[in-house]
Amino acid sequence: MKKSKILASILAVVMILSIALPLTAFAEILSTNDQLARSDATITVTSPKNLVIAYTDFTALRLFNVTVSTDGQETSADWRDRNYAYTPAPGLQNFLDWANTNSNPNRTIPYGATPKEFRLFLESLIDPSNQNPGGVSVEVPEGNVQDITASGYIYGADLSYGAVMLELTRDLENFQNSGGVTQKFTSYIAAQTVAGHEVKFTGLPYGYYMVIGKGLSDVPEDHSKKVKAHSALVTVDYIDKNAEIRLKADAPTIDKWVKNDNDHEENTYLDWQKWADYDISDTIPFEHRTFAPNMFGYDCYEFIVHDVMSKGLTFLPNSVQINIATGTHGTAKTLTGYITEGVNTGANRTNDPGDSDYIVTAVAITSANYDELEEKLNLEPTDIGGTYIRIRFNPLTFKDFNNETSADLGSVPITIQYSAVLNEKAVISEQGNPQGNPNRVFLEYSNNPYATGSGENYPDDEDEDGETGETPEDEVFVYTYQIDIFKYTNDVWEPDVEHRDAENFIEGEFSDNGTARLALAGARFELHKNSPTGTKVEFRYNGISAGGINAFNKEAAGTASYMVNDEKLALPITNLNQSPLATVTTTTTVLESPESGKINVYGLDHGVYYLVEIEAPAGFHKLEAPIKITVGRTIEAASTSLYDRFIGNYKVSWMYQPHGRSPVESGDTVSCIDVLNLTGPRLPGTGGIGTTIVIIAGILIIAFFAAAIVASIVVYRKRRVLNALK
């Protein structure tokens with residue numbers, strides 16, 4: 001009996017708990033009217049690191065109201081364990097009426113005529129990025145829309161999820177901006193921006209929202225157009241009040257680099273920099289660093305590199321190589337390109353532009369096409385004579401390089417490398433004029449997944465499809481330098497008349513003749529790199545400069561002009577696709593002073609050189625040792641040498657020892673290397689008397705002996721006669 005009472009008590013408690021628990025759980029769910037009266041939901045939009053967003057650029061359209069309850073699975077995160085009731089929000093029926101009557105030849109999506117049919121249409125959409133809370137296949141019992149196929153990515157026969165969202169977003173925006181309809185969707189504006197990468201909507205009624213927005217790249221003041229994000233559909237309800245949307249948009253960037261050579265052992269800078277210095281005729285490597293952004297929602301994506309190269313650089317189209325890192329396309333690889341009017345044989349080339357990953361087109365900038373190109377490329381008159389390089393990626397295949405669905409997966413790096421030759425038109429950095437030879441680049445890219453564009457014009461390389469934005473320009477410089485040489489003597493021999501007569505002096509001294517320096521012709525030199533016996537610099541001899549507009553390098557009239565031509569630069573260059581290097585070009589390693597004594601050598605890399613005099617002018621002594629010359633530059637130091645910047649004049653310093661004199665040394669930043677040659681008096685003869693006396697004495701001695709011989713003969717004959725008479 002006692003045991004039965006205990007069991008009965010336990011059973012009573014269990015029954016009370018079984019009734020009380022569900023009541024307690026359901027007590028936490030408000031009634032329909034109470035839920036619809038609430039406005040405490042939030043939607044937070046987070047952008048990728050390369051996109052800066054502002055709350056003023058985002059709107060949320062409420063398409064449906066929503067209420068929610070549970071089936072006793074309060075702790076479950078699965079939406080299928082809850083009950084959702086969607087009722088049309090103000091403006092929905094007006095939108096459907098407008099969509100079904102508005103003339104739009106591109107409309108292919110059946111929204112339906114009623115809110116119920118529109119809800120069933122939305123249920124059929126599967127977001128491949130799984131941002132939709134109902135991001136799984138659902139059954140559509142009414143069958144008013146086609147079933148999802150191809151793993152949930154295709155709506156109907158041939159429309160992708162991105163295409164459906166494109167048209168729906170465009171229609172909703174057009175409806176909101178249309179006239180004649182008084183009741184539109186309620187549009188909510190975000191309340192705040194957090195740290196430039198987060199926008200937050202607050203105080204929202206529970207419902208089903210379309211969130212639409214846009215942003216700028218991380219250097220917003222330099223970008224022409226904002227990047228439009230792929231719109232997002234999201235539910236906020238009484239249970240899940242706070243929704244988060246990861247913005248499916250990205251803005252690419254591009255950086256330009258030039259590789260510094262190690263031609264001189266003093267070069268300690270890193271390989272890739274924002275500037276470099278080279279000899280004229282050197283081949284210079286350039287590099288663009290960019291990336292394939294997140295292109296979710298795009299059916300095609302324009303990605304076009306615009307590069308403007310100064311007239312001092314000769315672009316080598318066939319040197320272009322483009323590499324992409326691992327991404328949704330697969331493993332890292334070298335892309336296949338087509339070079340317009342170039343060589344398309346060998347690895348990573350195709351003769352069919354339609355099969356290429358990119359097309360390279362090079363156009364000479366002339367006075368005839370300047371106006372056409374000026375606005376697009378932001379040209380200056382100094383760009384005439386340069387080259388416009390256009391690298392357009394295939395819009396249909398580029399979108400597949402990075403179609404990641406999560407911003408955490410990041411962008412896919414792309415490296416574009418090519419070369420150019422520093423040519424005879426290169427700007428020479430000189431005293432007080434630190435000019436360089438620029439090469440600048442910017443990137444044009446798609447910035448609206450809802451803009452029209454098919455990418456089908458790619459093989460013809462016509463105008464770009466869809467809406468595009470542009471990155472800021474990035475620029476690098478190539479510098480090259482010159483040295484001037486003046487061969488002269490400014491010494492005069494003054495005899496010591498107190499010790500010798502003026503005609504036959506052998507004693508005296510040299511004295512400085514001030515500014516009256518006598519130019520010397522016929523001195524011959526070689527220029528060696530790094531050491532007196534180092535590699536000889538080769539030159540193209542331009543002849544004697546006429547000065548003025550006909551000067552080869554702004555030389556004064558009468559100057560012997562020599563351009564560095566180590567790599568045998570063929571001149572003139574008439575074809576962008578012609579190799580500017582040819583072995584047939586005549587060069588010399590000998591510099592010879594003309595009547596003016598002036599030599600100009602231009603197109604030199606920085607570094608240490610030795611000027612070796614191999615032959616002095618007739619009557620003058622050669623230098624006892626080579627002249628050491630240092631060609632440097634003024635650099636603004638930074639935290640890392642990678643970002644050091646050329647900001648001032650180049651410097652020339654030198655030292656040498658004239659024959660019989662103390663060493664001569666210049667200061668820094670001189671404009672000319674003055675090379676002094678010395679002469680001397682005629683060496684004296686032996687004996688102390690003139691040659692005339694010696695000759696006369698010799699003649700007298702010969703005459704004396706001749707007379708003696710004659711007299712001896714006469715005397716001898718007289719004696720023979722006298723002896724005979726006896």
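Two strands pair if DSSP finds at least two bridges between them. Strands, here, are DSSP runs of E with at least two residues, helices are runs of H or I with at least four, and both are numbered from the N terminus. I start there because strands of a sheet pair through backbone hydrogen bonds, either parallel or antiparallel.

Now the ground rules. This is a predicted model, in which local features need pLDDT of at least 70 and side-chain atom pairs count only at pLDDT 80 or more, while totals for chains, interfaces and linings use all residues. Residues are numbered from 1 along each chain as its sequence is written, and side-chain values use heavy atoms, with hydrogens and water left out.

First, the overall picture. The chain has eight helices and 42 strands. Of its 726 residues, 45% count as buried; buried means under 20% relative accessible area, exposed means over 50%, and partly exposed is in between, with a 1.4 Å probe and protein chains only. A contact means heavy atoms within 4.5 Å. Among contacts with a separation of 6 or more, 71% are between residues 24 or more positions apart.

Four strands make an open sheet in the order 8-9-1-14, and the pairing is mixed. Which strands stand at the edges? They are strand 8 (192–194) and strand 14 (242–246), each with a single partner strand, so one side of each is left without a neighbour in the sheet. On average, neighbouring strands of this sheet are turned by 20° against each other, direction ignored. For that angle, axes are lines fitted to C-alpha atoms, for helices over the stretch in contact, and angles run from 0 to 180 degrees between N-to-C directions.

Look at the pairs inside that sheet. Strand 1 (residues 41–46) and strand 9 (residues 198–204) run antiparallel and are joined by five bridges. Thr46 has Glu198 of strand 9 as its bridge partner, and Thr44 stands opposite Lys200 in strand 9. Strand 8 also pairs with strand 9 in the antiparallel sense, over three bridges. There, Thr193 stands opposite Val199. Strands 8 and 9 form a hairpin with three residues between them, and Ala195 in the turn has a positive phi of about 55°.

That brings up phi. Most residues other than glycine have a negative phi, and most peptide bonds are trans. Glu341 is an exception, with a positive phi near 55°. Glu341 lies in the loop between strand 22 (337–339) and strand 23 (358–364), and at 69% relative accessibility it counts as exposed. Lys554 has a positive phi of about 65°. The loop that holds Lys554 runs between strand 34 (539–544) and strand 35 (560–564), and Lys554 is exposed too, with a relative accessible area of 65%.

Now the aromatic rings. Rings of Phe, Tyr and Trp (its six-membered ring) pair if their centres lie within 6.5 Å; planes under 30 degrees apart count as stacked, over 60 as edge-to-face and the rest as tilted. How many aromatic pairs does the structure hold? There are 30. One of them is Phe95 with Phe175, edge-to-face, at 5.5 Å centre to centre and 75° between the planes. Phe95 is in helix 3 (residues 92–101) and Phe175 in helix 5 (residues 161–177), so this pair ties together parts that are 80 residues apart in sequence. Both Phe95 and Phe175 are buried.

A stacked pair is Phe286 with Tyr418, at 5.8 Å centre to centre and 25° between the planes. Phe286 belongs to strand 18 (residues 283–292) and Tyr418 to strand 25 (residues 412–422), so the pair ties together parts that are 132 residues apart in sequence. Phe286 is buried at 1% relative accessibility, and Tyr418 is buried at 2%.

Last, the cores. A nonpolar core is a set of buried Ala, Val, Leu, Ile, Met, Phe, Trp, Tyr and Cys residues joined through side-chain atoms within 4.5 Å. The largest one has 75 residues, of which Ile43, Phe201, Phe286 and Phe393 touch the most other members. Strand 25 gives the largest share of this core, seven residues. A second, separate core has 25 residues, including Leu591 and Val601.
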